[in-house]
Amino acid sequence: MGHGFELPQEAQVGASPEEVWEAISTGPGIDSWFMGRTEVADGVVRTAFGPFELPPSTVTEAEPPARLAHGSDKGEDGRFVAYEFMIEGRERSSTVIRMVTSGFLPGDDWQDEFEAMSRGLEMYFATLVEYLNHFAGRAATPLTEFSPPVTDWPHAWERLNAALGGPPSPGDRIRFGPGDGVEGVVFYRNSQTVGVRTGDAIYRFLQGFGGSMIASHLLFDGGGEEQGTRWREWLRELYDTA
């Protein structure tokens, strides 16, 4: 059966249209708010999320700094995902950015995948807004680590919430993580994700559709390899028996 979808999102940010364009149209820019590592070359956007590679996404419209669109080819089952960005400068160096994600998910069991995609896209767009408001022009080192397999998601979230000092809400200041931990402000939360901003990083946890809790962090002061080992061990200790 399958399901066609369109998910619009919009926000006003304290960045110029040129800074927004840099964030959505270049590899280092996309690395700083989306998932994993992205390369943009020869009109194609390629993204790797840990060991997984997303289908290549071909640029179909590019009108800097006002409009960008790219999308994957349709698979034999009709699957595709497309992204469109519209950018409008406003007074006082602010910009309205609109992101519309559309596509088609095949099969009769599309609901769970659509739910995970929707909640993830909400987090990624919230991260884009947070990036443009607090880190515009800086490039992040993406860090992607997966927990051991999770079979009981309510229990898994109980464990993570406890590690975060209780179920966090946007605006809460919390301390969490390996070693002495990091301290930051919760900037977003939904049923499958939570995001925290510090002075030099954005830390995100996502309920992975494949069955793992994912640490999808963005480090603006480097240290990706060392940090990756620490967060991988932290997730392992948290979820070895989840």
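This note goes through the domains, salt bridges and aromatic pairs of the structure in numbered points.

1. Basis. This is a predicted model: local features need pLDDT of at least 70, side-chain atom pairs count only at pLDDT 80 or more, and totals for chains, interfaces and linings use all residues. Residues are numbered from 1 along each chain as its sequence is written, and side-chain values use heavy atoms, with hydrogens and water left out.

2. Domains. The protein splits into domain 1 (3–135) and domain 2 (141–239). The bounds come from an automatic or database domain assignment. Over C-alpha atoms, the two centres are 22 Å apart. Each domain gives 25 residues to the contact (heavy atoms within 4.5 Å).

3. The interface. Domain 1 and domain 2 bury about 2000 Å² between them. Carbon and sulfur atoms carry 72% of that. Buried area is the accessible area (1.4 Å probe) that two parts lose on being put together, summed over both.

4. Charges across the interface. The rule finds 1 salt bridge between domain 1 and domain 2. A salt bridge needs a side-chain nitrogen of Lys or Arg within 4 Å of a carboxyl oxygen of Asp or Glu. Helix H3 (residues 110–134) supplies 14 residues, the largest share of the side of domain 1 that touches domain 2. Helices here are DSSP runs (H or I, at least four residues), as are strands (E, at least two), numbered from the N terminus.

5. A bridge within helix H3. The count of salt bridges comes to 15. One of them joins Glu 115 and Arg 119 (2.9 Å, N to O). The two are 4 residues apart in helix H3, so about one helical turn separates them. Arg 119 is buried at 16% relative accessible area, while Glu 115 is partly exposed at 32%. The cut-offs are under 20% for buried, over 50% for exposed and in between for partly exposed (1.4 Å probe, protein chains only).

6. Arg 232 lies in helix H5 (residues 224–239) and Glu 145 in strand E9 (residues 141–146), so the pair ties together parts 87 residues apart in sequence.

7. Aromatic rings. There are 17 aromatic pairs. Rings of Phe, Tyr and Trp (its six-membered ring) pair if their centres lie within 6.5 Å; planes under 30 degrees apart are stacked, over 60 edge-to-face, the rest tilted. Phe 176 and Tyr 203 have ring centres 5.8 Å apart and planes at 90°, so they are edge-to-face. Both residues are buried.
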